[in-house]
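Please give a brisk report on the fold shown here. Cover the core, the helix packing and the backbone exceptions.

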Amino acid sequence: MSQDSDGGMIRMHQYLLGRDDDNFVWDDATRERDGDWTDPVREAGLDERKHKVFHHSNKEYLNPPTPFVQKDQLGQSGSTIVYKVLSPVGHTYSRPLALKIIQCKDKHGPPGPESNVRKLALEEVRNMTTIRHPHIVVYVASFEDYCIKTKKIRQRRGKALAVYHPREQIKAHILGIAMYPPAQCNLQVFMIEANRTSLPDEAWMLEFMHTYFGCLAQAVAYLHKSGVQIRHKDIKPENVVIDEFGLPVLTDFGLAKHFETGQPSNGPTDKTLKYADPDSIEETERDERSDIFSLGCVYLEMATVILGKPAMFAEEQLVDDTAASGSRDSGEGREFKYSESLDRLDEYLATLSRSARDELLAVKPGREASVNAVLKVLPHIRGMMQKDYHERPYAHQLYPRFRSLYNIYDLPGPCVSCEEERRTGIRSWPRAASPTVFRSSTMNSAMFQLVRRTSMPSSPVTSSPISQSPTDIEADER
Ligand SMILES: [Zn+2]
């Protein structure tokens, strides 16, 4: 658990102010400089010193590129895997990073420089390069690696003269995005653990969650502000990671889209439906307040946990049993969606409030201030989950409604980054240089250990190569 100033984990605002990501330098020797692969990188407006394209012919393929040393797997979803990586000793840049590896497999065509998956991945990278906020992962660098399979085609010319022509074929292609910070766990896991713990040592998890409302509001307000204008489009507890210091960081811009103010979008989207707003599901007109609905669902789960119930309690109470059993789909396999349960939301909030007052406070009277504060913000959460997006607040209106929750516990107390933003307006870090000395709310080592214990969906430490898809092997055919 190194916390030294060079090489260990540092807080997000320090990372941004120190421009640590600028210190990352790729080993340039084998970078591709021209051609079909680098043109789209230029077109996407990416810095070629930060985004490197290289390839391997045949066999040895898809180990993490220099300078990364692969450590634990942090998470996986679909064809995307996130690893924690370190730099080798002696490398100029030495902080731990999260490395997200996207397998660029196209449904409709072979991998290649023009594949659609690649276009989307490059857009994700481009979106990330424009984002700098203490509650959003920072883009550090990215790379692509593709594997060429060489086939030697035998052609006969004249009598017995056989000529071999090599024919190259792209067999596999990955795009990796290195980000800071690597997660300790995600909010979904954190909420399960926070609800389950009863040890006094672990009470900090519930206490820290009070700050997450304001911090996430500021992260989304930053994304939506003019000059950034990015819709995340997939806000959910799994996409909020908790860093080493117990603070929330929004991640995964795989579905994010740049938008122009006043331009509603319509058409299909590929997001998680549980937290999606009704307009995204029905693919009707919507604006950036789709994100507000999803964030409202996340807040509802956090409020549920603080009020003494597991996050799943919301779903269990809101799910429409009659609809599930009456439909062709049996309840099993039918995905719960908050947007389909809005008729029952007021009733749920009443149930939750009642149980907090009658059950939780009966056994834990010490939680009274917390319970009262959270009950006070329930109407604001309800407002975020309005069916009609015109009735939802904008992200920049959220912080004042939730910041009072900071006052309940001493730690972590008011979030320094967010409070500074409130005073100065949300800005891009660290362009407006800040001489402020940040009062750090320290986590003690018990907290660290717990965060470690609750690390990501239990995945063993792995030293396997980044990918072992069948196409990577047996490349050297004849
Ligand atoms: Zn904050």
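Predicted model: local features only at pLDDT ≥ 70, side-chain atom pairs only at ≥ 80, totals over all residues.

Residues are numbered from 1 along each chain as its sequence is written.

**Overall make-up**

The protein chain holds 14 helices and 11 strands. Both are DSSP runs numbered from the N terminus: helices are H or I with at least four residues, strands are E with at least two. Of the 478 residues, 41% are buried. A residue is buried if 20 or more other C-beta atoms lie within 10 Å of its own, exposed if 12 or fewer, and partly exposed in between, with C-beta atoms placed from the backbone. Among contacts with a separation of 6 or more, 71% join residues 24 or more positions apart. Contact means that two C-beta atoms, placed from the backbone, lie within 7 Å.

**The core**

The largest nonpolar core has 112 residues. Such a core is a set of buried Ala, Val, Leu, Ile, Met, Phe, Trp, Tyr and Cys residues joined through C-beta atoms within 7 Å. M179, L216 and M302 have the most contacts inside this core. Helix α5 (residues 204-224) gives the most to the core, with 14 residues. Domain 1 (12-146 + 174-180) and domain 2 (185-477) both supply residues, so the core lies between them. The domain bounds come from an automatic or database domain assignment. Beyond its neighbours within four places in sequence, M179 contacts L97, A98, K100, V137, V138, Y139 and V140.

**Helix packing**

Helix α4 (residues 187-196) has L187, V189, F190, M191 and A194 buried. Their cover includes β7 (185-186), α5, β9 (240-242), β10 (248-250) and α7 (289-306).

The axes of α4 and α7 come within 9 Å and cross at roughly 15°. Axes are lines fitted to C-alpha atoms, for helices over the stretch in contact, and angles run from 0 to 180 degrees between N-to-C directions. The two helices α4 and α7 are therefore roughly parallel. M191, A194 and N195 of α4 meet E301, M302 and V305 of α7.

α7 also packs against helix α11 (residues 368-384), at about 160° with axes 9 Å apart. α7 and α11 are therefore roughly antiparallel. Angles under 35 degrees count as roughly parallel, over 145 as roughly antiparallel, 65 to 115 as roughly perpendicular and the rest as oblique. On the α7 side, the contact residues include I292, F293 and L295; on α11 they include S370, V374 and L378.

**Backbone exceptions**

Most residues other than glycine have a negative phi, and most peptide bonds are trans. The table lists exceptions in this model.

| Site | Feature | Value |
|---|---|---|
| Y180 to P181 | cis peptide bond | omega near 0° |
| L411 to P412 | cis peptide bond | omega near -5° |
| R19 | positive phi | about 50° |
| K233 | positive phi | near 75° |

P181 sits in the loop between β6 (161-180) and β7. P412 is in the loop between α12 (399-402) and α13. R19 lies in the loop between α1 (12-17) and α2 (38-43). R19 counts as exposed, with 11 C-beta neighbours inside 10 Å. K233 is in the loop between β8 (230-231) and β9. K233 is buried, with 24 other C-beta atoms within 10 Å.
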